[in-house]
Amino acid sequence: MPLAPASQIHWNFRIVLCIAAITFFEYMAVQYYFSVSGTDIEAIKFAMRSTARFSCLIFCVTFCLGPAHKLWANATTQALLQWRRYIGVCFASVHSVHVWLIIFLFWVTPKIDLAANIPVPIYELLLGGGALVLMYLMVATSFDRVTRIVGIRNWRRLHVIGMYSIWAIFLFCFGEGYLSATTEELRSRAPMGLSPVIFYHPFLFLTLLPVVMRLWLLVRRSA
Ligand code: HEM
């Protein structure tokens with residue numbers, strides 16, 4: 001999902017295979033976890049938190065590459081920038097495991113009186129759902145031919161709005177999870193007895209990083 005110059009690298013079988021393999025690996029890891037822990041609502045939510053974290057790593061790399069190249073223009077950042085489109089599509093592919101878990105969560109939630117048992121607040125469903133629609137639209141426009149049809153200005157608008165929307169959902173989820181949970185709740189969310197600080201702080205920091213880098217760029221330009 002590049003926001004900058006067209007990539008010199010083109011879609012090929014190896015790139016598609018690599019993205020499919022990473023997604024499959026994550027899907028199998030979730031299946032293995034379910035085979036060990038069962039598929040009650042808490043287990044599904046734990047899997048959702050874990051898959052969201054994995055997606056967040058890939059998303060933040062994608063979102064940092066633009067400002068990183070502007071801050072430190074060199075051969076490495078230039079080469080990485082060439083891969084941004086594929087890393088972005090890899091994020092969407094990997095995040096589809098989170099989407100599968102959303103469907104699964106609604107599926108296992110008791111069908112009787114679904115409104116009372118809705119597993120997430122309705123506003124989260126709408127905001128998160130909207131960001132997911134934008135994510136898949138960005139994937140659909142990640143092919144040169146489609147980009148030409150859509151037009152570069154619309155394409156750019158879609159990708160800027162989409163990236164910031166997804167970023168906002170990550171920030172909201174980690175921020176809300178961290179701020180609203182009591183320490184005891186946080187402790188139960190962190191796996192394998194890890195400190196909840198380790199479980200939440202790095203991801204909040206990571207999510208803020210792409211925007212901090214953009215602000216730094218602005219400050220440097222205006223200095
Ligand atoms: C681009 C869209 C989305 C992003 C970036 C995203 C991101 C996240 C993140 C970061 C977490 C972890 C929160 C934590 O650790 O406390 C999470 C968990 C979760 N997400 Fe998503 N999400 C998205 C869409 C959705 C949608 C549409 C739904 C369905 C309504 C959803 C349902 C959930 C649920 C149920 C959890 C587990 C919450 C818990 O542990 O109680 N997500 N998501």
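Guide: A residue is called buried if 20 or more other C-beta atoms lie within 10 Å of its own, exposed if 12 or fewer do, and partly exposed in between, with C-beta atoms placed from the backbone. By that rule, buried residues make up 23% of the 223 residues in the protein. This is a predicted model, in which local features need pLDDT of at least 70 and side-chain atom pairs count only at pLDDT 80 or more, while totals for chains, interfaces and linings use all residues. Residues are numbered from 1 along each chain as its sequence is written.

Visitor: What makes Ile166 count as buried?
Guide: Ile166, which is found in helix α8, has 24 C-beta neighbours inside 10 Å, and the cut-off is 20 or more, so Ile166 counts as buried. Ile166 and Leu134 lie 32 residues apart in sequence and 8.4 Å apart in space, C-alpha to C-alpha.

Visitor: How many helices and strands does the protein have?
Guide: The protein has 10 helices and zero strands, where helices (H or I, at least four residues) and strands (E, at least two) are DSSP runs numbered from the N terminus.

Visitor: Why is α1 said to lie largely in the open?
Guide: Of the 25 residues of α1, the number buried is two, so this helix lies largely in the open. The expected span of a helix is 1.5 Å times one less than its number of residues; for α1 (residues 13–37) that gives 36 Å, which agrees with the 36 Å between its end C-alpha atoms. Gly38, whose phi is positive, near 85 degrees, follows α1.

Visitor: Why are α2 and α4 called roughly antiparallel?
Guide: The axes of α2 (residues 41–71) and α4 (residues 84–108) come within 9 Å and cross at roughly 165 degrees. Axes are lines fitted to C-alpha atoms, for helices over the stretch in contact, and angles run from 0 to 180 degrees between N-to-C directions. Angles under 35 degrees count as roughly parallel, over 145 as roughly antiparallel, 65 to 115 as roughly perpendicular and the rest as oblique, and α2 and α4 are therefore roughly antiparallel to each other.

Visitor: Which residues are closest to the ligand?
Guide: Ala52, Gly128, Ala131, Cys173 and Gly177 are the closest of the 23 residues that surround the ligand, a residue being near if its C-beta atom, placed from the backbone, lies within 6 Å. The largest share of this shell, seven residues, comes from α6.
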